[in-house]
Amino acid sequence: MNNEILLMNGYGIYVWSAFIFTFISFTFLYVVIKTQYLKERRKFIAKFGTLNAKRAAFAKSNSINKEILSNTSII
Amino acid sequence: MFKYFEPNKIFSVTSKAPKYVLLLFIITLSIGLTEALIISPEDYKQSHSVRIMYVHVPAAWISLSIFSSLTFLSIIGFILKNRNLFLIAKSLAPSGFVFNIIALVTGAIWGKPTWGTWWAWDARITSMLILALFYAMYLLAWRIYENKQSIFKITLIIVILGIVNVPIVKYSVDWWNTLHQPASINILSKSSIHSSMLFPLMIMTAAFALFSLLIFLMKYNTELIKIKNKGLDRL
């Protein structure tokens with residue numbers, strides 16, 4: 001039974017390599033995107049931590065929505 | 001209507017959603033893999049090599065759907081002058097590109113036992129390769145021109161040129177005599193695939209769609225944090 005799943009009448013090498021390639025690609029993409037996310041998050045925490053109380057309060061009131069909308073004219 | 005699509009509101013959802021999507025993806029993928037590798041029958045002609053279909057076909061479907069979505073979002077974003085739609089498109093592109101590569105590589109692996117060759121300059125395969133080049137150009141454009149004002153126009157031109165290729169990919173097997181087999185699944189007419197193979201195919205498609213949703217959410221969150229960081233730089 002186990003051998004049949006592995007060998008698949010001689011097609012096992014093709015079937016398993018296709019599935020393994022797919023899941024290596026998934027893992028690679030997940031790791032790359034997660035690393036980018038953590039890097040930006042760390043940057044944000046570091047930048048926010050260096051702000052004084054007045055600037056931090058201003059930053060909090062300044063929504064990301066405004067940030068995005070303020071740039072719409074550049075399209 | 002757009003107040004519901006404000007990034008702040010979206011961020012409150014997208015920052016929490018990935019863990020649930022990841023869990024759902026793992027469950028769906030486990031069912032899909034069991035069905036695809038163990039339960040589903042072998043094909044009377046292709047034997048066990050038909051199992052490659054369970055990764056090849058969903059990857060091709062999703063990469064085509066994502067490219068169509070990129071085009072739609074970029075055009076609407078340009079018309080409505082909404083930068084957020086471009087950000088959504090940008091966040092969708094990495095998973096679309098990876099699915100395109102998976103479709104090409106698994107197709108080549110499937111081609112060897114079926115056609116006796118890894119690669120043929122056949123209409124379907126070549127048009128999929130062209131689609132991968134458009135994805136690569138789109139991603140490179142964001143990387144090179146991200147901070148330039150022209151980025152929206154450049155990416156819009158790339159997707160408009162690329163979308164011309166999407167119907168060619170879809171109908172190439174009907175328009176030309178190709179090595180690639182015609183579509184076995186048809187929404188409008190009866191599919192030529194048996195339900196014992198259709199079910200695992202649908203489960204694997206759902207799993208792949210959940211994975212692209214997961215990657216999209218993580219990438220979109222990254223983009224929103226990048227904007228926050230730029231905002232903090234200006235303080």
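Reply: In chain B, helix α4 (residues 83-115) and helix α8 (residues 195-233) pack at an angle of about 140°, and their axes are 8 Å apart. Axes here are lines fitted to C-alpha atoms, for helices over the stretch in contact, with angles running from 0 to 180 degrees between N-to-C directions. Helices are DSSP runs of H or I with at least four residues, strands are runs of E with at least two, and both are numbered from the N terminus. One caveat: this is a predicted model, where local features need pLDDT of at least 70, side-chain atom pairs count only at pLDDT 80 or more, and totals for chains, interfaces and linings use all residues. Residues are numbered from 1 along each chain as its sequence is written, while chains are lettered from A and ligands numbered from 1 in the order in which they are written.

Me: So what are α4(B) and α8(B) to each other?

Reply: They're oblique, α4(B) to α8(B). Under 35 degrees counts as roughly parallel, over 145 as roughly antiparallel, 65 to 115 as roughly perpendicular, and the rest as oblique.

Me: And which residues of α4(B) and α8(B) meet?

Reply: From α4(B), among others, Leu87(B), Ile88(B), Leu92(B) and Phe99(B); from α8(B), residues including Phe208(B), Ile215(B), Phe216(B) and Tyr220(B). Contact means C-beta atoms, placed from the backbone, within 7 Å. By class, this contact of α4(B) with α8(B) has nine nonpolar, three polar and three charged residues. Nonpolar covers Ala, Val, Leu, Ile, Met, Phe, Trp, Tyr, Cys and Pro; charged is Asp, Glu, Lys and Arg; the others, Gly among them, are polar.

Me: What about α2(B) and α8(B), how do they cross?

Reply: At roughly 155°, with the axes of α2(B) and α8(B) coming within 8 Å. That pair is therefore roughly antiparallel. Residues that meet there include Leu22(B), Phe25(B) and Leu29(B) of α2(B), and Ile203(B), Leu210(B) and Leu214(B) of α8(B). The contact of α2(B) with α8(B) has 21 nonpolar, two polar and one charged residues.

Me: Which residues are buried in α2(A)?

Reply: Tyr14(A), Val15(A), Ala18(A), Thr22(A), Phe26(A), Leu29(A), Ile33(A) and Tyr37(A). What covers them includes α3, α4 and α8 of chain B.

Me: How do α2(A) and α4(B) cross?

Reply: At roughly 165°, with the axes of α2(A) and α4(B) coming within 9 Å. They're therefore roughly antiparallel. The contact is made by residues including Phe21(A) and Ile33(A) of α2(A), and Val98(B), Ile102(B) and Trp110(B) of α4(B). The residues of that contact divide into 13 nonpolar, five polar and one charged.

Me: Last one, Lys45(B): buried or exposed, and why?

Reply: Exposed, because Lys45(B) has 8 C-beta neighbours inside 10 Å. Lys45(B) lies in the loop between α2 (17-39) and α3 of chain B. From C-alpha to C-alpha, Lys45(B) and Thr114(B) are 9.4 Å apart in space, and 69 residues apart in sequence.

Definitions and conventions
Contact = placed C-beta atoms within 7 Å. Buried ≥ 20, exposed ≤ 12 C-beta atoms within 10 Å, placed from the backbone.
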